[in-house]
Amino acid sequence: QVQLVESGGGLVQAGGSLRLSCAASGRTLSINAMGWFRQAPGKEREFVSVINYRNGRTSYTDSVKGRFTLSRDNAKNTVYLQMNSLKPEDTAVYFCAADRTYLVGAGPQLPHEYDYWGQGTQVTVSS
């Protein structure tokens, strides 16, 4: 089993920045990729970004490219999502997820491909 704990959410004005963290514990050696998803009220959970735990490759959804950066600290079993130039449409609950099987590229982009999920952290961007 892998446990994931997100932190770093909060309220920020448009144009501001936040850094989300996701700390993994348990059977962390089984993790191949870690991703971030977000879910706004009344909407489906959507892919934000993913990083391959082995080779460091990353992938981003188009709406956050150039604004968000995903990085990892393998020694701490933690990934960081640096979010800059935040917009009101970035408001959502952000979830961290871990995958055990993805081997090629950065990582999966569909929720059902992930094996473990965190509890989520709220990000609110005011206009």
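**Reading the core and its central pairings**

Trainee: How many residues of β4 are buried in this model?

Mentor: The model is predicted. Burial is read from relative accessible area, with under 20% counted as buried. On that basis β4 is mostly covered, with six of its seven residues buried.

Trainee: Which strands pair with β4, and in which sense?

Mentor: Strand pairing is read from bridges. β4 runs antiparallel to β5, with six bridges joining them, and seven bridges join β4 to β9, also in the antiparallel sense. Met34 illustrates both pairings: the bridge partner of Met34 in β5 is Ile51, while in β9 the partner is Ala98.

Trainee: Which residues touch the most other members of the largest nonpolar core?

Mentor: A core of this kind is traced through side-chain atoms of buried residues within 4.5 Å. The largest one here has 29 residues, and Leu4, Met34, Trp36, Leu81, Met83 and Tyr94 touch the most other members. Among the elements giving two or more residues to this core are β1 (2–7), β4 (33–39), β8 (78–83) and β9 (92–99). There is also a second, separate core of seven residues, including Phe37, Phe47, Ala97 and Tyr114.

Trainee: Which residues does Tyr94 touch, beyond those up to four places away in sequence?

Mentor: The contacts of Tyr94 include Trp36, Phe37 and Arg38. Leu81 and Met83 are also among them, as are Gly120, Thr121 and Val123.

Conventions: Residues numbered from 1 in each chain as written. Predicted model: local features only at pLDDT ≥ 70, side-chain atom pairs only at ≥ 80, totals over all residues. Heavy atoms only, no water. Buried < 20%, exposed > 50% of the residue type's maximum accessible area, 1.4 Å probe, protein only. Helix = DSSP H or I, 4+ residues; strand = E, 2+ residues; numbered from the N terminus. Contact = heavy atoms within 4.5 Å. Pairing = 2+ DSSP bridges.
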